[in-house]
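Here is a briefing on one protein model, grouped by topic. Keep the sequence and the 3D view open while reading.

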Amino acid sequence: MSNDTNNTRSAGSERVGTVGRAVVAAAALALSATAAFAVLADRGAGQPAGAAVGKRAGASTTTDPAPLAPAVDMAIVRDSEDDGKTVNLTLDDGPDPRWTPKALELLKRYKAKAVFCLTGPNAAAHPDLVKRIVAEGHRLCDHSVSHDVAMDKKPVSYQEKEILDAKRMIDEASGGERIWYYRAPGGAFTAQSRQIAAAHGMRNLGWSVDPGDFRQPGADTIVRAVKDQLSTGPTVLLHDGGGNRSQTMQALERLLPWFTEEGYAFSFPKAG
């Protein structure tokens, strides 16, 4: 056999060997990528809160792992932080330049305290009232930017913007005072919105008593409904913004001394 033939076969063998090694390497890389994807998928399925996994727009039944881990309990709270016979007053949709001062005057007169659930734009428009709420011993609550009662049907990115933009507005209005709670408009919470709020130190705030005062049914109806529903729990939903709240103020003026006469202590919802 000639040297030329030997050289040709040797070169061919080297080419075959090189191609074979390349095929093996490519197969190994493909297997590695498949394995890595499987590990990531498995981690995503059981991912702890705070991991960097993409949001699922509109999902509302599972915890979205994209936000930071909750700093407070994600559960919706209705119970009082104090033991015994208590009532937690909450006032939504303010601050309003006409009705919030009236509510503050009544609360001060009867040595009561309340949670004020503020919309971002109202807080930005009336920072003096936000500061007064805190100065008089009450607590702040984030009640979103636009009070969208269909937030639970919107993408998570929208929910996050509504919550955190309102928080920023309230922070600026208050000078950085603590925002203790987040209340979804109309109770439109999702697992993701609850996690977003809790990740920023805001406990999700529900209610036990809803007299429907926002419908303006009359002060007598509001008072009667509050008294009738108190057996279901201590957290009362009322309004100091979003419309004419004269009936609510009339009802509050009657309810505040009644709470004291009936042995109720004024408390706040649990915030931890």
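Thr90 stands opposite Leu237 of strand β6. This pairing belongs to a predicted model. Strand β1 (residues 86–94) and β6 run parallel, joined by five bridges.

**Strand β6**
- Strand β6 spans residues 235–239, and five of its five residues are buried.
- Thr235, Leu237 and His239 are buried on one side of the strand. Val236 and Leu238 are buried on the other.
- In a regular strand, side chains alternate between the two faces of the sheet.

**Largest pocket**
- The largest pocket holds about 180 Å³ of space.
- Its lining counts 14 residues. Closest to the centre are His147, Gly186, Phe214, Leu237 and His239.
- β1 and β6 are the elements that give two or more residues to this lining.

**Nonpolar cores**
- Which residues have the most contacts inside the largest nonpolar core? They are Leu89, Phe116, Leu230 and Phe259, in a core of 45 residues.
- Helix α8 (residues 246–261) gives the largest share of this core, seven residues.
- A second, separate core has eight residues, including Val115, Cys141, Tyr181 and Ala271.
- Nonpolar side chains tend to be buried together in soluble globular proteins.
- Leu230 touches Val87, Val209, Val236, Trp258, Phe259 and Tyr264, leaving out residues up to four places away in sequence.

**Val209**
- Val209 sits in the loop between β5 (203–204) and α7 (219–229).
- Is Val209 buried or exposed? Val209 counts as buried because its relative accessibility is 0%.
- Beyond four places in sequence, Val209 is in contact with Ala225, Val226, Gln229, Leu230, Thr232, Gly233, Thr235, Val236 and Leu237.
- Val209 and Ala225 are 16 residues apart along the chain. Their C-alpha atoms are separated by 8.1 Å.

**Helix α2**
- Helix α2 covers residues 99–109. Its buried residues are Trp99, Thr100, Pro101, Ala103, Leu104, Leu106 and Leu107.
- The cover over these buried residues includes β1, β2 (114–118), α4 (127–135) and α8.
- An α-helix has 3.6 residues a turn, so residues three or four places apart point the same way.

**Buried polar residues**
- Arg139 lies in strand β3 (residues 139–142). Its relative accessible area is 9%, so Arg139 is buried.
- The side chains of Arg139 and Glu81 are joined by a polar contact of 3.1 Å.
- Outside four places in sequence, Arg139 touches Glu81, Ala114, Val115, Phe116, Ile133, Trp180, Tyr181, Phe268, Pro269 and Ala271. Among these, Val115, Tyr181 and Ala271 belong to the second core, and Phe116 to the largest one.
- Ser80 is placed in the loop between α1 (3–45) and β1. Ser80 is buried because its relative accessible area is 8%.
- The Ser80 side chain makes a polar contact of 2.6 Å with the side chain of Thr86.
- Ser80 also touches Asn88, Pro234, Ser267, Phe268, Pro269 and Lys270, again not counting residues up to four places away in sequence.

Definitions and conventions: Residues numbered from 1 in each chain as written. Predicted model: local features only at pLDDT ≥ 70, side-chain atom pairs only at ≥ 80, totals over all residues. Heavy atoms only, no water. Buried < 20%, exposed > 50% of the residue type's maximum accessible area, 1.4 Å probe, protein only. Helix = DSSP H or I, 4+ residues; strand = E, 2+ residues; numbered from the N terminus. Pairing = 2+ DSSP bridges. Core = buried A, V, L, I, M, F, W, Y, C linked by side-chain atoms within 4.5 Å. Contact = heavy atoms within 4.5 Å. Polar contact = N/O pair within 3.5 Å; in protein donor to acceptor, adjacent residues only side chain to side chain. 1 Å grid on protein atoms, 1.4 Å probe; cavity = no way out; pocket = protein on both sides within 12 Å on 5 of 7 lines; lining within 4 Å. Points joined across faces, edges and corners; volume = space filled by probe spheres on them.
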